[in-house]
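Dear colleague,

Please find the structure below, with its sequence. My notes on what was found in it follow directly after.

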Amino acid sequence: MPFPARSLLALIFALFALHAQAAGHERPDAPTVEFTAEASRGAPNDLAVATMFAERSGTDAAELAQEVNRTIAAALETARGHGDVKVQSGSAHTWPVYGKNGNGRIEGWRMRSEIRLESRNLAAVSALIGKLQASLALSQVAMRPAPETRRKAADEATIEAIRSFEQRAALIAGALGKRYRLRHMTVADGGFQPPIQPLMRAAPAMMAEAAAAPLEGGESEVSVSISGRIELVD
């Protein structure tokens with residue numbers, strides 16, 4: 001069951017209000033216990049991120065750069081026509097190609113330039129990848145939760161982790177015949193763990209337009225860890 005952000009804040013504020021109230025009654029020699037509670041939530045991988053590139057070789061570095069830049073410019077223009085897909089320029093590299101006889105002489109140049117595609121519309125980005133493969137190669141496609149999707153899952157996992165911490169604190173104190181006060185708490189977002197997926201790669205297409213890339217989102221696991229210290233009281 002999803003929890004709104006204000007419920008999460010209210011729970012955290014309530015715990016720290018109890019901590020502040022107990023601070024005036026702390027004893028330096030009071031026994032304390034430190035422990036950790038964790039929780040995780042599944043987050044739909046509703047964001048596709050793809051990297052595509054143009055790579056060429058030649059003997060004239062200037063002509064090579066012009067050719068690669070024209071290819072990238074045309075791809076960016078095509079991508080801008082797909083409003084559901086965010087596109088941006090990526091990294092660009094040029095490096096020398098040395099002769100094989102070991103004399104250290106430069107015999108040519110190689111250049112690679114990338115673009116990055118990002119969209120929550122999987123059908124749109126899949127179709128665009130297929131279209132751009134007429135001139136670009138596909139480096140990889142990664143599926144991940146969108147920022148707002150991940151944030152929602154992290155909030156829910158935080159609520160669950162805090163409740164687990166409270167239950168464990170009560171269990172430890174009860175087993176020792178004590179009550180407890182909260183002394184310290186740290187909330188750590190453990191990030192997300194995407195499912196293991198094969199890396200999608202493709203060579204430059206020699207056809208007018210390649211088939212759309214099949215995409216399946218799946219889920220990533222978003223985890224939260226709560227570490228804290230409680231004081232045992234009679």
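I begin with helix H3, which spans residues 122–132 and has Ala124, Val125, Ser126, Leu128, Ile129, Gly130 and Leu132 as buried residues. Buried here means under 20% relative accessible area, exposed over 50%, and partly exposed in between, with a 1.4 Å probe and protein chains only. Helices (H or I, at least four residues) and strands (E, at least two) are DSSP runs, numbered from the N terminus.

Please note that this is a predicted model, in which local features need pLDDT of at least 70 and side-chain atom pairs count only at pLDDT 80 or more, whereas totals for chains, interfaces and linings use all residues. Residues are numbered from 1 along each chain as its sequence is written, and side-chain values use heavy atoms, with hydrogens and water left out.

The partners of the buried H3 residues are strand E2 (47–58), helix H2 (61–80), strand E4 (106–119) and strand E5 (137–144); contact means heavy atoms within 4.5 Å. Where H3 starts, a side-chain oxygen of Asn121 comes to within 3.3 Å of the backbone nitrogen of Ala123. This falls under the term polar contact, which is a pair of N or O atoms within 3.5 Å; within protein, one must be able to donate a hydrogen and the other to accept it, and residues adjacent in sequence count only if both atoms are side-chain atoms.

Overall organisation

The chain has four helices and seven strands, and along the sequence they follow the pattern α-β-β-α-β-β-α-β-α-β-β. Of its 234 residues, 37% are buried. Among contacts between residues at least 6 apart in sequence, 84% join residues at least 24 apart. The chain exposes about 13,300 Å², of which carbon and sulfur atoms supply 53%; these areas come from the Shrake-Rupley method with a 1.4 Å probe, and for residues only the protein chains shown count as cover.

Nonpolar cores

A nonpolar core is a set of buried Ala, Val, Leu, Ile, Met, Phe, Trp, Tyr and Cys residues joined through side-chain atoms within 4.5 Å. The largest has 24 residues, and those with the most contacts inside it are Met52, Ile115, Leu117, Ile129, Leu132 and Leu136. E2, H2, E4, H3 and E5 each give two or more residues to this core, and H2 gives the most, with six residues. There is also a second, separate core of 15 residues, which includes Phe35, Ala161, Ala169 and Met185.

The structure holds one aromatic pair. Its members, Phe35 and Phe165, are stacked, at 4.4 Å centre to centre with 20 degrees between the planes. The pair links distant parts of the chain, since Phe35 lies in strand E1 (residues 32–44) and Phe165 in helix H4 (residues 147–175), 130 residues apart. Both Phe35 and Phe165 are buried. Rings of Phe, Tyr and Trp (its six-membered ring) pair if their centres lie within 6.5 Å; planes under 30 degrees apart count as stacked, over 60 as edge-to-face and the rest as tilted.

Individual residues

Glu118 is part of strand E4, and its side chain makes a polar contact of 2.6 Å with that of Arg116. Beyond neighbours within four places in sequence, Glu118 is in contact with Leu47, Ala48, Val49, Asp84, Val85 and Lys86.

Arg179, in strand E6 (residues 179–193), is exposed, with a relative accessible area of 52%. Not counting residues up to four places away in sequence, Arg179 touches Ala173, Glu231, Leu232, Val233 and Asp234. A polar atom of the Arg179 side chain lies 2.4 Å from the backbone oxygen of Asp234.

Ser220 belongs to strand E7 (residues 219–233) and counts as buried because its relative accessible area is 2%. The side chains of Ser220 and Asn45 are joined by a polar contact of 2.6 Å.

Gly83, between H2 and strand E3 (86–98), counts as exposed because its relative accessibility is 76%. Glu216, in the loop between E6 and E7, is exposed at 64% relative accessible area.

Yours sincerely
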